[in-house]
Amino acid sequence: MGYIRKWTLIGIIIGVISGFGAVIFYEMLRFSTKYFLEKGAGFIPPGEGAPLPEALNWVPPENPYRLLLVITLGGILSGLIVYTFAPEAEGHGTDAAIRAFHRENGKIRARIPIVKAIASAITIGSGGSAGREGPTAQISAGLGSLIADALKLGPEDRRLMVAIGIGTGIGSIFKAPLGGALLAGEILYKRDIETEAIIPALIASPIGYLIFCSFEGYDPMFIMPHVYFRPIHLLFFLLLGVVEGVVGLAYIYSFYRTRDIFSEFFERTGLPQHVKPAFGAFLSGLLVLALIKWVNPLAGLGAVGTGYGFLQLAIYNAIPWKILLLIGILKIVTTSLTIGSGGSGGVFAPGLVIGGMIGGATGILLHSAFPSVIPLSLVPAFVAIGMVSLFGGISKAPIANMVMVSEMTNNYHFLVPAMAAVFVSYLLTGDNTIYEEQVGSKTESPAHAHEILSLIMRSIKVREIMRSAEDVLTISPMDSLMEALQLSIKTHYRCLPVTENGRLVGLIHTEIARDIPVEEWDRIPIRDVMIKDPPVVHPNDSLSTALLKITRSGICCIPVVEGEDMTLVGIITKDDIIRRLSSEVS
């Protein structure tokens, strides 16, 4: 099957399974939210992507203590499900899928998509601070891995199907097909792109998007008012990039430090891992409760669940800057507690909410300081570009994030100022990433180790590492086996070229002496026991050719010859090849 036909078919298959996977998970999440948050806690969050009057029509919980109980219950159930059936489904699913690509040949256990979907729906639906993109990515990637096994595809194809599944799943549930396709290639590395994943993803992602939207509607995730920019505004968006870069670093530190604290505590105390997410959920719920009771209900509730509805209110300029700031800070902590403790969910959506809230607060403060330059109508742009610049920097996927947020808001006017803000945020965050399974580039990925090693071996010529004829001791076909053994001991070579007048006529392997009585060694000439037509290489052959011939022949060295008369010009050994490769990859 040709490349185009093969990956078109695979792209269609992944698009279909990712689209339906996103629909099923979305409906599970809707069901879970209804019965946990709405009926259990009496909290109806603002609608994401809702018009302003409808977005304001949300219902806070009458009894915040019930909300604490529901959040904790979600942590208990999630922990029991994950640590009983699939411990690798803990935490944020995108990172697990990235790990499968780099380190596990794209292998994802069949039960993972099911366990991840159920646990994540419970975690998020009960008010845990997590996103739906991570579970969707792991679900789609897991299904892609299973399809690869069913089609009996090799590790390279399976890995690509996992990458395509990540992008397609996220692009589907975020209604951002182009961004999802780009994410498939960009999310795996800090400073590189898996280009082979993008073309199939361009086929898969729109299919997943169409299937998801056929059930859930084609409206963008957020309603964004039209905003006008002036060149001077770029300076303020550069400043926003600085702010979001610093906040992004705080998010990364808080998340992984919290995870380590929980891991160390449970390892030290010997408590069962099953209850770990319950601890995190309870602490997260306590913080939310404290803000509801003693600060501002909006500040506490904004950090519950996905937070998309409150992000929509921020876009509408309906939240004061102090509350925006509090939600952004609290969201860092509650996400760290929810997912860092082993709860199931994604870090992408919380990153967007954190970035958007901090961006909105920054925009309002800049409006207060420079009202004639930064009108209040520009604040929604600070929210949107805050989303992009924070997560584009810490996810190391700036291009995909810019496109995705443009698709999520149905507004491409943000691209130029977003480029400025993301550039600064990306520089500030450096190699720090929210996805610790990312590697720097393809050269650092175990998935590409064989490919890169092969590339290196094809680029190096035999003449670069061979030992020239002047440095190689040879032996005559008329010499005795004893003389060959003595020369072998002197040179530490088990193989010796046999020459006449500088021409290669054979190769003697000293192990042949094992089959010959010792008293015969002085009387047997080399010509009677030598390999008469040994494998040879030429100076311009590649290292891969030399290693292949050494491996197939079972001998430790190969003569290097020139011309039809087989003039010996050198010798190359397996040790020479290994030393050169070690120096290349070190």
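User: Which residues are linked with R99 in a network of salt bridges?
Analyst: In this predicted model, the network of salt bridges links R99, R103, E104 and E437. Within that group, the side chains of R99 and E437 meet in a salt bridge, at 3.8 Å from N to O.

User: What does E436 do, and which residue is its salt-bridge partner?
Analyst: E436 forms a salt bridge with R259, and the closest N and O atoms of that pair are 2.5 Å apart. R259 lies in helix 10 (residues 233-269) and E436 in the loop between helix 18 and helix 19, so this pair ties together parts 177 residues apart in sequence. Both ends are partly exposed, with R259 at 25% relative accessible area and E436 at 40%.

User: How many salt bridges does a search of the whole structure find?
Analyst: The search finds 17 salt bridges. One of them joins E216 and R30, with the closest N and O atoms 3.2 Å apart, and this pair links distant parts of the chain, since E216 is in helix 9 and R30 in helix 1, 186 residues apart. E216 is buried, at 16% relative accessible area, whereas R30 counts as partly exposed, at 44%.

User: Switching to rings, how many aromatic pairs are there in the whole structure?
Analyst: There are 18 aromatic pairs. In one of them, the ring centres of Y26 and F212 are 5.4 Å apart and the planes stand at 90 degrees, so the pair is edge-to-face. Y26 lies in helix 1 and F212 in helix 9, so this pair too ties together parts 186 residues apart in sequence, and both residues are buried.

User: What about the surface, which residues form the nonpolar patch there?
Analyst: The patch is formed by Y3, I4, L178, I199 and L202, which together have about 480 Å² of accessible area. Helix 1 (3-41) and helix 9 (195-216) are the elements that give two or more residues to this nonpolar patch. I199 lies in helix 9 and counts as partly exposed, at 47% relative accessibility.

Key:
Residues are numbered from 1 along each chain as its sequence is written. This is a predicted model: local features need pLDDT of at least 70, side-chain atom pairs count only at pLDDT 80 or more; totals for chains, interfaces and linings use all residues. Side-chain values use heavy atoms; hydrogens and water are left out. Patches are made of residues with over 30% relative accessible area and no salt bridge: like charges are joined within 9 Å, nonpolar side chains (Val, Leu, Ile, Met, Phe, Trp, Tyr) within 5 Å. Accessible areas come from the Shrake-Rupley method with a 1.4 Å probe; for residues, only the protein chains shown count as cover. A salt bridge is a side-chain nitrogen of Lys or Arg within 4 Å of a carboxyl oxygen of Asp or Glu. Helices (H or I, at least four residues) and strands (E, at least two) are DSSP runs, numbered from the N terminus. Buried means under 20% relative accessible area, exposed over 50%, partly exposed in between (1.4 Å probe, protein chains only). Rings of Phe, Tyr and Trp (its six-membered ring) pair if their centres lie within 6.5 Å; planes under 30 degrees apart count as stacked, over 60 as edge-to-face and the rest as tilted.
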